[in-house]
Amino acid sequence: MGRSSKAYIAGAFEHPTRKAVDKTIAQLHAEVAFGALQDAGLSKDDVDGYFCDGDVPGLGGLSMAEYMGLNLKYIDSTETGGSSYVVHVGHAVDAIAAGKCNVALITLAGRPKAEGVVSLAARDGDGGKLPERGFEIPYAPVITNMYGMAAMRHMYEYGTTSEQLAWIKVAASHHAQHNERAVLRDVVTVEDVVNSPVISDPLHRLDCCVISDGGGALIVVSPEIAKTLGDRCVKVLGSGSAIGHLNSGKFDLTHTAAVVSGPIAFEEAGVTPADIDYASIYDSFTITVLETIEDLGFCAKGEGGKFVSDGNLISGVGKLPFNTDGGGLCNNHPSNRGGITKVVEAVRQLRGEAHPAVQIPDCTIALAHGTGGQISARHGSATVILGRNDA
Amino acid sequence: MSNPERTYVDPSINMETEAYWNGTKEGKLLLKKCCSCGETHFYPRAICPYCFSSETEWYEASGKGKIYSYSIMRRAQIPYVMAYVTLDEGITMMTNIVESDFDSVAVDKAVEVTFRKTEGDHSLPVFRLV
């Protein structure tokens, strides 16, 4: 009944660990896969499609497929940083609709906390092949100063303030207090955020997400299989993805590629931002959320600062409850890539399985958005719009 | 007042960008322009990213521009100013702002190019307030 859906999310799982000193990355992938399959009521042998990022151990998904003993007829290792898993949901839906597979497994896992953070320069590896490297690495770009430049430009163009950005962290902290696994559970105030040390102007420590280990997994299935699994299955109503980059030196740091991915997803779903009951918005930094909310059309460009203020993102208080698990800003950011947990919490909301203190009553339509890479350089944006089983 | 400066790692140089780094050693900031569509692009490439023409040519930039955005990396051993500078030639490039008091750095302020030696004796274009 209700809206049509080419595929359903049948299983969603978030790894409980936040620091995995005693587990390998491959093991974490298998643990989240098991968790999601159990949640769906399926077994490993039902999986015929596998989706992972390009950061997994091995060549694409080949080693992980072998480790987990998967027999596959479809594989996709599209890599767009932290947004990869939101991309994967869309790709899984397309593959299922095209008849290429029936049960798609998506996994993310990593342990940056246990291993120590690796710098961008070190990760970039072979400078001879990476064309932009010589024009960037000598200037010491790191993730905080790169997002800092986006925030600074947004402030310059639209008068956005640190206090407005702080409201995003405040809202996340209000949600995280109810999540016993969240890395940061203390409720913070706007003053707490703006009085925390400046890491790279204008971003304070509390404008940044946490660093954590862990991961997550999703199971996307065909409508026929969803029918056999019951009403916890969630409809995928629409999906879109796009990338942004420096456009050969002519770019605008106040927009992300969500301006492209969002409309594609909304159009396919046949809904508008006004129809969204709950939104998971990728939150590597407060500025990531602010720009995305504008780009997705929840408010006009430049109005994000006003929109996020005064608790407007807090469940039960504001108009757009977001990241009710505490998000990357407070809960976790497994493998420095938060996209999968964005989808997991949206699924919880649509099933009515979020924490009672943050559950949105009658949550029918939800959005999950991922941002990978850096919004002030090369990045991937991906949007999915999900509907409750009877939506 | 100027701040103490960090050391600069070497750029990676390849056959497409060798001329750029030879130019910086002579105190010149070179840009690439397309002979077909006339557009300047950055970073410099053998193929024009606007029209895919393989006819591109180097020219010397004025070295003048404005700060498009910046972020002062305070949590570094030696704090520094990360920035994007829009050159008068119309392209915006990543750089550092040097020789300038942190409190004086602001979006839209005028800057000019200067150069810094890197660890391996290459020359890196950076900018200072004018």
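## Basis and the helix α6(A)

The model is predicted. In chain A, α6(A) comprises 16 residues, and its first and last C-alpha atoms are 23 Å apart, close to the 22 Å expected at 1.5 Å a residue. This helix is mostly covered, with 13 of its 16 residues buried.

Chain A contains an open sheet of nine strands with mixed pairing, in the order β3-β2-β4-β7-β1-β8-β11-β10-β9. The edges are formed by β3 (74–76) and β9 (278–281) of chain A; each has a single partner strand, so one side of each is left without a neighbour in the sheet. On average, and with direction ignored, neighbouring strands of this sheet are turned by 20° against each other.

Helix α1 (residues 25–40) of chain A has 16 residues, and the distance from its first C-alpha to its last is 23 Å, close to the 22 Å expected at 1.5 Å a residue. Its buried residues are Ile25(A), Leu28(A), His29(A), Glu31(A), Val32(A), Ala33(A), Gly35(A), Ala36(A), Leu37(A), Asp39(A) and Ala40(A). The cover over the buried residues of α1(A) includes the strands β1 (8–14), β4 (103–110) and β7 (214–221), together with the helices α2 (62–68) and α9 (223–229), of chain A. After α1(A) comes Gly41(A), with a positive phi near 80°.

Helix α7 (residues 162–176) of chain A has 15 residues, which at 1.5 Å a residue should span 21 Å; its end C-alpha atoms are 21 Å apart, in agreement. Of the 15 residues of α7(A), 13 are buried, so this helix is largely enclosed by the rest of the structure.

## Chain B

Chain B has one helix and eight strands. Along the sequence, the pattern of chain B is α-β-β-β-β-β-β-β-β. Its radius of gyration is 15 Å, close to the 14 Å that the globule rule gives for 130 residues, so chain B is as compact as a globular protein of that length.

The C-alpha trace of chain B spans about 45 × 30 × 25 Å along its principal axes. Among its 130 residues, 38% count as buried. Of the contacts in chain B with a separation of 6 or more, 49% come from residues 24 or more positions apart.

## The contact between chains A and B

The contact takes 28 residues from chain A and 33 residues from chain B. On the side of chain A that touches chain B, the elements that give two or more residues are α6 (143–158) and β5 (198–200) of chain A. The most is given by α6(A), with six residues. By class, this side of chain A has 14 nonpolar, eight polar and six charged residues.

Note on methods:
Residues are numbered from 1 along each chain as its sequence is written. Chains are lettered from A and ligands numbered from 1 in the order in which they are written. This is a predicted model: local features need pLDDT of at least 70, side-chain atom pairs count only at pLDDT 80 or more; totals for chains, interfaces and linings use all residues. Two residues are in contact if their C-beta atoms, placed from the backbone, lie within 7 Å. Helices (H or I, at least four residues) and strands (E, at least two) are DSSP runs, numbered from the N terminus. Ala, Val, Leu, Ile, Met, Phe, Trp, Tyr, Cys and Pro count as nonpolar, Asp, Glu, Lys and Arg as charged, and the others, Gly among them, as polar. The expected span of a helix is 1.5 Å times one less than its number of residues. A residue is buried if 20 or more other C-beta atoms lie within 10 Å of its own, exposed if 12 or fewer, and partly exposed in between; C-beta atoms are placed from the backbone. The radius of gyration is taken over C-alpha atoms; the globule rule is 2.2 Å times the number of residues to the power 0.38. Two strands pair if DSSP finds at least two bridges between them. Axes are lines fitted to C-alpha atoms, for helices over the stretch in contact, and angles run from 0 to 180 degrees between N-to-C directions.
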